[in-house]
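Subject: Structure handover

Hello,

Here is the structure you asked to look at. Please open it first, then read my notes below with it on screen.

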Amino acid sequence: MAGRQAGEVVLSPHARTFLEGQVRRHKAPRSLSDRCRMVLLCAEGLQSKEVAARLGVHEHTVGKWRRRFVEDGIEGLTDEYRAGRPRTVSDAQVTQVIERTLNTTPKDATHWPIRSMAAEIGLSHTTIRRIWSAFGLQPHRAETFKLSTDPLFVDKVRDIVGLYMSPPNRAIVLCVDEKSQIQAL
């Protein structure tokens with residue numbers, strides 16, 4: 001009883017050069033070089049079982065790449081598109097996140113933290129991070145000066161500026177900014 005007849009692999013000079021080049025190439029993806037090696041051995045007239053035994057793969061794998069090469073040539077050796085998991089976040093939700101980030105602020109803060117935005121919108125914090133990253137949003141970084149709403153702001157500014165303008169004798173002034181860098185003045 002004979003099984004299904006495997007397609008005969010006939011290589012053009014161009015295809016042989018390409019396949020041999022991919023096998024020798026150090027930076028070629030391993031999967032592609034393995035597929036090229038399978039096709040080259042099949043072109044020598046070996047059966048799928050023999051090729052599989054030589055390369056340590058299953059004969060169905062050899063048969064798959066032999067068939068795809070016979071049908072599509074070199075292009076058949078690349079991976080086919082896989083749809084993957086369908087999107088769970090709609091365009092409307094993405095738009096809502098962007099608009100909220102740019103046009104509103106939370107009641108208790110000057111900008112939207114990721115987890116607060118996630119709780120407000122009803123998405124995960126990783127989804128918010130991906131959206132912000134995709135659109136280059138960084139609400140924690142202000143491009144313009146924001147005046148403080150602290151009622152004691154003026155008094156605090158006077159105290160700080162006073163230290164700079166007329167520092168007391170034998171005093172040291174330290175400045176700590178948002179990036180936790182300490183500078184001695």
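Helices and strands here are DSSP runs, numbered from the N terminus: a helix is a run of H or I with at least four residues, and a strand is a run of E with at least two. On that basis the protein has eight helices and two strands. From the N terminus on, the order is α-α-α-α-α-α-α-α-β-β.

Some ground rules. This is a predicted model, in which local features need pLDDT of at least 70 and side-chain atom pairs count only at pLDDT 80 or more, while totals for chains, interfaces and linings use all residues. Residues are numbered from 1 along each chain as its sequence is written, and side-chain values use heavy atoms, with hydrogens and water left out.

**Overall**

Buried means under 20% relative accessible area, exposed means over 50%, and partly exposed is in between (1.4 Å probe, protein chains only). Of the 185 residues of the protein, 25% count as buried. A contact means heavy atoms within 4.5 Å. Take the contacts with a separation of 6 or more: residues 24 or more positions apart account for 40% of them.

**The largest core**

A nonpolar core is a set of buried Ala, Val, Leu, Ile, Met, Phe, Trp, Tyr and Cys residues joined through side-chain atoms within 4.5 Å. The largest one has 19 residues. Which of them touch the most other members? They are L11, L19, V39, V51, F69 and L77. Helix α2 gives the most, with seven residues.

Now look at L77. Not counting residues up to four places away in sequence, L77 touches L19, L32, R35, C36, V39, W65 and F69. Another core lies apart from the largest one. That other core has 14 residues, among them V89, I128, I131 and W132.

Is R35 buried or exposed? R35 lies in helix α2. Its relative accessibility is 10%, so R35 counts as buried. R35 touches W65, L77, T78 and D79, again leaving out residues up to four places away in sequence.

E20 is found in helix α1. E20 is partly exposed, with a relative accessible area of 31%. E20 and L40 are 20 residues apart along the chain, and their C-alpha atoms are separated by 7.8 Å.

Axes are lines fitted to C-alpha atoms, for helices over the stretch in contact, and angles run from 0 to 180 degrees between N-to-C directions. Angles under 35 degrees count as roughly parallel, over 145 as roughly antiparallel, 65 to 115 as roughly perpendicular and the rest as oblique. For residue classes, Ala, Val, Leu, Ile, Met, Phe, Trp, Tyr, Cys and Pro count as nonpolar, Asp, Glu, Lys and Arg as charged, and the others, Gly among them, as polar.

Start with α6 (residues 114-121) and α7 (residues 125-135). Their axes come within 8 Å and cross at roughly 110°. That makes α6 roughly perpendicular to α7. I114, R115, M117 and A118 in α6 meet H125, I128, R129 and W132 in α7. The residues of this contact divide into five nonpolar, one polar and two charged.

Next, α5 (residues 91-103) packs with α6 at an angle of about 125°, with the axes 11 Å apart. The two helices are therefore oblique to each other. On the α5 side, Q96, V97, R100 and T101 make the contact; on the α6 side, M117, E120 and I121 do. By class, this contact has three nonpolar, two polar and two charged residues.

Last, the axes of α5 and α7 come within 10 Å and cross at roughly 75°. That makes α5 roughly perpendicular to α7. V94, V97, I98 and T101 of α5 make the contact with I128, I131, W132 and F135 of α7. This contact has seven nonpolar, one polar and no charged residues.

Finish on I98, in helix α5. I98 counts as buried, at 16% relative accessibility. Leaving aside neighbours within four places in sequence, I98 is in contact with I131, F135 and L137. I98 and F135 are 37 residues apart in sequence and 8.3 Å apart in space, C-alpha to C-alpha.

Best wishes
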